Amino acid sequence: MSQNTFPDGFLWGVATSSQQIEGGRHEGGRGESIWDRFATVPGKIADGSNPDIACDHYRLWRNDIAIMKGLGLGAYRFSIAWPRIQPTGRGAANLAGLDFYDKLVDGLLAAGLEPYPTLYHWDLPQSLQDTGGWAARDTAEAFADYAAIVARRLGDRVKRWTTHNEPWCAATLGYEEGHHAPGHLSPAEGLAAAHHLMLSHGWACEAVRREAPGAELGIVLIHSPAHPATGSAGDIDAARWFDGFFNRWYLDPIFRGAYPADAIADRTANGQLDGGAMPFVKDGDLKAISTPLEFLGVNYYSRVVMRAGANGKPEAVPPPKVPSLTDMGWEVYPAGLEETLLRIHREYAPPVMYVTENGAAYDEPMDADGRIDDQRRIDYLRGHLASCARAAAQGVPLKGYFLWSLLDNFEWGFGYTKKFGLYAVDPQDGRRIPKQSASWYRDVVAANAVTD
Ligand code: FCB
């Protein structure tokens, strides 16, 4: 056993998102989101559920703040539902929507929790999808207007803003692979959506800075290291391919102002880009996208192992040793978080980094005494936190960690079947039921250290 201590002032938090916890689907003038619509399509949500009520956080937010205070946390990462602020994604602000987040922010500050809002965690107003969604450049303009509205109202109290959560998921899972809302299967739309998401990030940074001078801006990217299955040249190239497609397609424009040449070549070779041309990229876009950031948020869950499949096509394979898997089927691979943090620090050097999501889905039963013993989650967290501490000790400017997630919640296409929470949520009355991991995390936070 070794004791891993975190730097002084390390920020401990949890992360959630609006669509996954709020519910209140029709409350306070909220408009329809693409996920509300997607959930009405038969077969899209594994358990046939929808996010209409979710964790009922829209009503129970005071209780949730009290829980976080009880855990001793210093920060809360949540997202703002665009359809609450602008029900159709354009036009005047809906005051009841702004009031909700205004009170939430005041409540957090009163409880000693620093608010870390994310402006977009996938709940696009359906009306904007009706005019093309993220595949349309207009949506990026609308996003900058929305960001300005929110910053104008909350910017006197919110210091650190995140524009987007995981644009890879929003673009690729939503527009190219059909697993997420809006459920499209268009590689061309996927690439355009990725670009417009990043463009809107750049424009939103500008808007927030204008409305809230002194604000600190960042974006949250998902990162998975890609390892070759064998030392063969083909497998090594398959790992390079994944890294370009998943990690560098976002890191490079944001930190270097250019798309990665090798990944452009991959997309030209597979016919997705005609002669390497990207007609959706206009003059000045990459300059806007690469606006200097105060911080980067890194979400990490697992790695991928890649090989060259039939005809050399890159494909993911099960990891080499019999791995420990979470309920998502993701390998438990804590070393990958240290590798990720070191790699981003070395190659892209954001001034500050946070782990903005990390956690594991396990469904554990409640025993006769009402205890939920989720030792597997504790083990997962222990390993990953030790990895963070090692990265910080090697000079990574890692300033905080947000655990995913506070509550079992609406896990997108999996509905309520995947349980990431420190707390279970009683489906009848919304009661929050602590798992063993909740008190374990409280102890880690109090000690500012983890043993592994
Ligand atoms: C991330 C998402 C988050 C949640 C976790 C498990 O990709 O940002 O909303 O779904 O995965």
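Guide: A bend at a residue is the angle between two axes, one fitted to the seven residues ending there and one to the seven starting there. Helices (H or I, at least four residues) and strands (E, at least two) are DSSP runs, numbered from the N terminus. This is a predicted model, where local features need pLDDT of at least 70, side-chain atom pairs count only at pLDDT 80 or more, and totals for chains, interfaces and linings use all residues. Residues are numbered from 1 along each chain as its sequence is written, and side-chain values use heavy atoms, leaving out hydrogens and water.

Let's start with helix α3, residues 57-70, which bends by about 40° at Asn-63. Its buried residues (under 20% relative accessible area; exposed is over 50%, partly exposed in between; 1.4 Å probe, protein chains only) include Tyr-58, Trp-61 and Ile-65. After α3 comes Gly-72, with a positive phi near 80°.

Next up is strand β3, residues 75-79, which runs parallel to β4 and is joined to β4 by five bridges; DSSP must find at least two for strands to pair. Phe-78 sits opposite Pro-117 in β4. Six of the seven residues of β4 are buried, so the rest of the structure largely encloses this strand. Two bridges also join β4 to β5, again parallel, with Thr-118 opposite Thr-162.

Glu-357 lies in strand β11, so the pair ties together parts 280 residues apart in sequence. Arg-77 is buried at 1% relative accessibility, and Glu-357 is buried at 5%.
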